[in-house]
Amino acid sequence: MEDDLAPRAVLRPKQSHDSTPKKKNDKKAHAPTLRMIPLGGLREVGKNMTVFEYGNDLIIIDCGIAFPDDNMPGVDTIIPDFTYLRENKEKIHGLVITHGHEDHIGAIPWFLQEFDVPVYATPLTMKLIELKLDDFRPKMKSNKLQVVRAGESLTIGPFTFDFIHVNHSIADAVSIAIHTPVGIIFYTGDFKIDYTPTSGVPPADLGKIAALGNEGVLALISESTNVEEPGTSLSELEVGKTFEDIFHRVTGRVIVATFSSNVFRLQQVISTAERFGRKVLILGRSIQNVFEAANKLDYLTYQPNTIIQVNELDQYPPEKIVILATGSQGEPMSALTRLAFSEHKLTEIIPGDTVILSSSMIPGNEAAIYNVINELFMRGANVIYKTLSAVHASGHACQDELKLILTLTRPTYFIPAHGEYRMLYQHAELASLMGIPDDHIAILQNGDILEFSEDGMEFAGYTEAAGVLIDGSGMGDVDELVLSDRLRLANDGVISVMLVIDRLSNRLYGAPIIKASGVIYQSDMKKMISTCQDTVEDMAEQLFKKKKPLDKTMTPDSVSKEVQKVLFDRTRRRPLVMTSVTVI
Ligand SMILES: [Zn+2]
Ligand SMILES: [Zn+2]
């Protein structure tokens with residue numbers, strides 16, 4: 001514990017009623033302290049990962065990814081920085097997971113490549129982790145995956161974990177209570193409290209949370225995603241009612257796009273379809289994966305003949321069909337986007353279709369989503385999205401639910417988590433309003449090292465936590481680069497660019513010739529080819545204007561790089577680009 005280290009994080013200002021002197025030289029101060037180190041998830045929504053360390057024992061909660069923003073072309077994924085874990089490798093007992101969303105499990109393949117430790121997760125979460133490891137290149141497997149269930153406890157080293165059922169937009173989400181030698185840490189994970197979730201699912205286990213509060217909670221670490229929303233989150237029951245209303249009104253096909261991991265929503269759609277005598281087609285790879293995983297666990301109930309395959313579509317009139325599709329965020333490769341742009345090989349939008357976007361718009365995706373909505377309207381579909389109707393319920397607690405958790409746990413210390421700075425700040429305000437002394441609230445940032453001991457809570461420095469950018473599947477060394485080239489070949493095809501430079505006029509001789517192979521979609525190919533042509537011609541024009549000799553500046557390498565960059569910016573594809581230059 002270094003007192004001279006200025007805390008980077010904002011501890012809220014001390015108030016006069018609390019100033020217990022620190023007992024620095026007391027022998028109790030020599031007992032190990034409990035360290036909490038967020039490696040991700042603070043002042044951002046994404047890549048959640050938190051370390052808890054006591055003496056020589058260390059465990060980690062969650063291991064997620066964040067998605068890059070638009071000004072990081074070429075970056076596919078951001079994972080947490082594992083530096084602190086590398087430095088303490090021999091202490092790591094395992095990774096404990098709250099639920100199966102990408103911002104909580106996405107970085108597990110990279111983690112397991114370096115740390116061969118047990119992973120503990122609930123049944124659906126574990127199925128999604130297994131799918132993720134299988135999808136990773138190189139394919140991965142771990143024989144240390146251990147399924148735990150809500151209601152169970154698990155002891156690892158000096159820590160005992162209680163897994164507590166909560167509601168969220170994915171099945172099998174849990175809050176985690178960690179019993180440590182210093183006290184109980186209550187880690188909410190992502191949660192909401194739904195008193196009327198889909199059938200077969202109980203409301204969050206408030207009884208257990210209250211019991212922990214009575215036992216005494218040292219610190220509450222609570223998610224902040226919806227702290228700006230007053231009241232409570234919408235119940236899944238309300239979404240069911242909205243579906244019911246829509247199905248009553250609609251005569252054509254119904255197409256519902258949602259987050260593929262939202263098993264409850266899949267169930268709602270399937271149940272509503274059954275009540276209206278409609279068949280359900282599941283369209284899109286990720287939604288099919290989740291559907292199968294949930295099926296294996298018996299999490300879905302439906303009549304076997306409700307689900308149809310794509311080749312059976314023609315056997316039913318439009319009013320008998322529901323399509324459950326991926327693409328609620330306007331993702332370029334998703335089923336809904338391909339339907340909207342008539343790029344789907346198997347079916348297309350027909351006038352009279354009703355499309356329901358049953359999800360929130362993740363900030364940053366609005367433009368892509370509205371693009372898809374526009375296209376759908378243009379093709380004669382009616383589109384129902386959140387601003388029009390209660391077709392989506394958030395999976396995150398609003399203010400009243402957050403207050404309830406604070407009331408039940410009555411923590412000594414409070415740390416808002418899972419949110420951008422303003423959300424953490426608002427959540428701190430909320431806790432303050434509810435009587436938690438200001439100097440018992442810490443707004444941390446990634447990498448801060450916070451220590452709990454019998455003396456209280458204090459900062460003990462910080463570690464690297466800026467996040468690691470991942471391009472393709474590689475970590476950056478040569479072998480991985482080759483691998484990522486191969487992946488690119490498999491996914492996005494090859495573009496070859498041939499150009500001729502007339503040295504005398506310092507101009508291109510004729511138009512560049514572009515050939516594409518292995519590009520999956522025809523409409524993509526046309527767009528890619530014209531994009532390439534424009535890029536090469538623009539490049540030549542710019543260099544000509546700057547009086548730069550083309551034969552020196554338009555090298556195969558520089559042309560390939562430029563083309564690749566523009567292609568990625570405009571089409572989100574990253575084919576391998578090979579350029580040949582002839583000078584005459
Ligand atoms: Zn979540
Ligand atoms: Zn989350």
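Colleague: Why are H4 and H8 called oblique to each other?
Modeller: Their axes, which are lines fitted to C-alpha atoms over the stretch in contact, with angles from 0 to 180 degrees between N-to-C directions, cross at roughly 135 degrees and come within 10 Å. Angles under 35 degrees count as roughly parallel, over 145 as roughly antiparallel, 65 to 115 as roughly perpendicular and the rest as oblique. The roughly 135 degrees of H4 and H8 therefore makes the pair oblique. The helices themselves, H4 (residues 123-135) and H8 (residues 285-296), are DSSP runs numbered from the N terminus, H or I with at least four residues, while strands are E with at least two.

Colleague: Which residues make that contact between H4 and H8?
Modeller: H4 brings Leu 124, Lys 127, Leu 128, Leu 131 and Asp 135, and H8 brings Arg 285, Asn 289, Val 290, Ala 293, Ala 294 and Lys 296. Contact here means heavy atoms within 4.5 Å. By class there are six nonpolar, one polar and four charged residues; Ala, Val, Leu, Ile, Met, Phe, Trp, Tyr, Cys and Pro count as nonpolar, Asp, Glu, Lys and Arg as charged, and the others, Gly among them, as polar.

Colleague: Before we go on, what kind of model is this?
Modeller: It's a predicted model, where local features need pLDDT of at least 70 and side-chain atom pairs count only at pLDDT 80 or more, while totals for chains, interfaces and linings use all residues. Residues are numbered from 1 along each chain as its sequence is written, chains are lettered from A and ligands numbered from 1 in the order in which they are written, and side-chain values use heavy atoms, leaving out hydrogens and water.

Colleague: And what makes H7 and H8 roughly perpendicular?
Modeller: H7 (residues 263-275) packs on H8 at about 90 degrees, with the axes 11 Å apart. That angle falls in the perpendicular range, so the pair gets that label. Val 263, Leu 266 and Ile 270 of H7 meet Ile 287, Val 290, Phe 291 and Ala 294 of H8. The residues here divide into seven nonpolar, no polar and no charged.

Colleague: Which residues of H11 are buried, and what covers them?
Modeller: In H11 (residues 399-409), the buried ones are Glu 401, Leu 402, Ile 405, Leu 406, Leu 408 and Thr 409. The cover includes strand E12 (183-187), helix H5 (206-215) and helix H12 (421-433). Buried means under 20% relative accessible area, exposed over 50%, partly exposed in between (1.4 Å probe, protein chains only).

Colleague: How do you know whether Lys 279 is buried or exposed?
Modeller: Its relative accessible area is 17%, under the 20% limit, so Lys 279 is buried. Lys 279 sits in strand E15 (residues 279-283), and its neighbours include Asn 305, Tyr 316 and Val 322.

Colleague: What about Gln 329, buried or exposed?
Modeller: Gln 329 is at 5%, so it counts as buried. Gln 329 is in the loop between strand E17 (321-325) and helix H9 (335-340), and it touches Phe 259 and Met 361, among others.

Colleague: Why is Arg 43 called partly exposed?
Modeller: Arg 43 has 28% relative accessible area, which is between the 20% and 50% limits, so partly exposed is the label. Arg 43 lies in the loop between strand E2 (34-40) and strand E3 (49-54) and has a positive phi of about 60 degrees although it isn't a glycine. Most residues other than glycine have a negative phi, and most peptide bonds are trans.

Colleague: Where is there a cis peptide bond?
Modeller: One joins Arg 137 and Pro 138, with omega about 0 degrees. Pro 138 is in the loop between H4 and strand E8 (145-147).

Colleague: How many disulfides does a search find?
Modeller: Zero in the whole structure, a disulfide being a pair of cysteine sulfur atoms within 2.5 Å. Cys 398 is buried at 5%, and Cys 532 is buried at 0%.

Technical notes. Lists of a residue's contacts leave out its neighbours within four places in sequence.
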